[in-house]
Amino acid sequence: MIEIKQLHKYFGALHVLQGIDLNVSKGEVLSIIGSSGSGKSTLLYCINGLEDIQQGEVLVDGTTVHDQKTNINKLRQKLGMVFQQWNSFPHLTALENVALAPKIVKNFSRDQAKSIAEKQLKHVGLGDKLDAYPSALSGGQQQRLAIARALAMEPEYMLFDEATSALDPELVGEVLDTMRLLADEGMTMICVTHEMGFSRDVSDRVAYFHQGVMEEVGPPEQIFSAPQSVHTQKFLANVR
Amino acid sequence: MSNSASFFTDFQATDLLFLGEAAGRTLGISLVSISIGTALGIFFGWSLQASKWFAQATIGTVLDAFRSVPLIIQLILFYNFFPIIGWKMGPFAAGAFVLSIYTAALVANVVRGGIEAVGEPMRRAARSLGMSYWQDLRYVVWPIGLRAVFPSWVGVALSVIKDSALVSVLGYMELLRASQILITRTQEPFIILACAGAFYFALSYPLSKYSQKLEESWTS
Amino acid sequence: MDYNFHWRPVFRKIPELLEAGLLTLEVAVISMILGITIGLGLALLRMKGPTPLRQIATTWVEIARNTPALFQLFFFGFGLGAFGLHLSPYLIVLAGLTFNNAGYLAENFRGGFLAVPDTQIRAARSLGMTAAQTYIRIIIPQVLRIVYHPMTNQMVWAVLMSSLGMLVGFRELSGETQFFASKTYRIFEYFAVTAIIYYVIVKIILLASNFAARRLFRY
């Protein structure tokens, strides 16, 4: 379970997260929507400790993320992350991209790491691209590669940071399908997304962020059909 | 040290003047070579870009050789070659000759890169507006290319000023040779070298920073 | 033209010249290895070092780039004499080339590090890699590719620069050539042959570098 308690985050004078309280339980799929600059992506970075925080607490399965004593590298193995700009490693083949972390972080043998990587690449539909370098893959394929890379660490949670925003429209579908597949398999997911259809169909809950504040959270039917906050109503009116 | 021998004398004010004159000669031979070399280099660079293989096989090969042999060897080679073919050339003329071709070899590369940086689509656009080949060069390639290559050209010019120190091998009394002579006389290597180094640095550092700034402001 | 070329005595010395060419290569290669190591350190210090070290690194880089290589060689030659330190000709050339290589390469490395996007670090860290693992497995391999070409150029430059050895009494290829030339007065012939040897050395380096690049960087 991920627990976020009274989280405050500043970039200099900018108050990007203003006291967030949010719990995500095992098996849940949470979508976070909101306009850009609302702090949604920053929240993801705070959850796996890629950003420090100024106040409050983030707990993953009871471990405090921003505690100096926490082994953050160990903790991050539980938290797979997929970025907007897929960030595949350009100097490694698809297989090497996925196998690297299991090998050097989890100390699996070369063969073990390789077979994990193969399994995960097949899982996301890239079984025929094992030896391709990222430069030879489309954006959608690179994003699925990034998902496989995260899955290879056998994470218990997956964090998606606008995984489809940088993709050409015709490539969005394949990545969303992969994300749907994970959700169906019972993966716990937090998805920062602009895909309203996806968040409505797949999520258990949807949270709406506005200028560093979580305006409301609830089941998709409620958020999309009967939003409570004025800001949410405005936002949804605009994206439709 | 002063009582050891009258042969060595201390560093004096007139020595500074001597160094100053030598610095002037360094600047002189550099400016001559940079001017001639740039003019030649622009022509060579354009030929290399415009003609596919002929210029490449002739000019390209020769210029490449000038980039692949130490400058000091080129200087000695030509200085000793000119008398063989009956040309009387002093250290300045021979030095400026070699430095100019060396500069041209570097500038040609820069210019070719600049023309290529303008890109076919833009040139095609210019031609599609009815511009002639020369109008395209004059009004499109030149202004855009100039911008692209100016910082690299400053780099070439600065390296020629620094490399002009090698003309000292022909006996030309430029800054480093003057320093060497003073060092032998005064036995004050540190001060004299510091003066010479400071001169080059004071010339090169601001210019290279300036061109770096230009490059950054143009690319962003 | 009443000059008679005498090539034969020069050709007879070619084995000696080639041997001196090996010395040229040796000093260039060692100065590159040292230059790469120090250059990497200078680049990291300039980006992340504490202020005094950063200033020292910056000073090194700027002096190396903004003064003539010959000046740098003279400094290690006579300049250190002011402090009672007298290096052998070999060490003068090695120190001068290393100083120059490190300064130029530091700037290349810095550019290389800046060219690898920060997001690569984030991606690697998000997989649980440590900072050291991220540098060694993800960042440095990408930087190496970016600086590979400039590094090759610097190697060529080191070979060409080592010819300055003849001005401080080092008998590498140029020094050896001058030694023979001054004994026989066949200056043009000797330096013509040496020019060709330099040309061949440079071409071999470029070919080898291209060949290695094709094996190293398949992406």
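Visitor: How many helices and strands are there in chain C?

Guide: Chain C has nine helices and zero strands. The model is a predicted one. Along the sequence, the pattern of chain C reads α-α-α-α-α-α-α-α-α.

Visitor: What does the C-alpha trace of chain C span along its principal axes?

Guide: The C-alpha trace of chain C covers about 75 × 45 × 25 Å along those axes. Among contacts in chain C between residues at least 6 apart in sequence, 75% join residues at least 24 apart.

Visitor: I would like to turn to the interfaces. Which chains share the most contacts?

Guide: Two residues are taken to be in contact if their C-beta atoms lie within 7 Å. Of the two pairs of chains in contact, chains B and C share the most contacts. That contact takes 30 residues from chain C and 30 residues from chain B. On the side of chain C that touches chain B, the elements giving two or more residues are α3 (51–66), α4 (69–77) and α9 (187–216) of chain C. Of these, α9(C) gives the most, with 10 residues. By class, this side of chain C divides into 21 nonpolar, seven polar and two charged residues.

Visitor: How many residues of chain A are in contact with chain C?

Guide: On the chain A side there are 21 residues, in contact with 17 residues of chain C. The elements of chain A that give two or more residues to this side are α2 (72–76) and α3 (94–104). The side of chain A that touches chain C has 11 nonpolar, seven polar and three charged residues.

Visitor: How far apart do the closest C-alpha atoms of chain A and chain B lie?

Guide: They lie 21 Å apart, and no contact joins chain A and chain B.

Visitor: Next, the sheet in chain A. What is the order of its strands?

Guide: In chain A, an open sheet of six strands has the order β6-β7-β8-β3-β9-β10, with mixed pairing. The edges are β6 (79–82) and β10 (213–218) of chain A; each has a single partner strand, so one side of each lacks a neighbour in the sheet. From one strand to the next, the twist averages 15°.

Visitor: In which sense does β3(A) pair with β9 of chain A?

Guide: Strand β3 (residues 29–33) and strand β9 (residues 205–210) of chain A pair in the parallel sense, over four bridges. Within β9(A), Tyr208(A) is the bridge partner of Ile33(A). β3(A) also pairs with strand β8 (residues 188–192) of chain A, in the parallel sense and over four bridges. There, Cys191(A) in β8(A) is the bridge partner of Ser31(A).

Visitor: Why is β3(A) largely enclosed by the rest of the structure?

Guide: The general idea concerns the two faces. In a regular strand, side chains alternate between one face of the sheet and the other. In β3(A), Val29(A), Ser31(A) and Ile33(A) lie on one side, Leu30(A) and Ile32(A) lie on the other, and all are buried, leaving both faces covered. Five of the five residues of β3(A) are buried, so the strand is largely enclosed by the rest of the structure.

Technical notes
Residues numbered from 1 in each chain as written. Chains lettered and ligands numbered in written order. Predicted model: local features only at pLDDT ≥ 70, side-chain atom pairs only at ≥ 80, totals over all residues. Pairing = 2+ DSSP bridges. Axes fitted to C-alpha atoms, helices over the stretch in contact; angles between N-to-C directions. Buried ≥ 20, exposed ≤ 12 C-beta atoms within 10 Å, placed from the backbone. Nonpolar A, V, L, I, M, F, W, Y, C, P; charged D, E, K, R; others polar.
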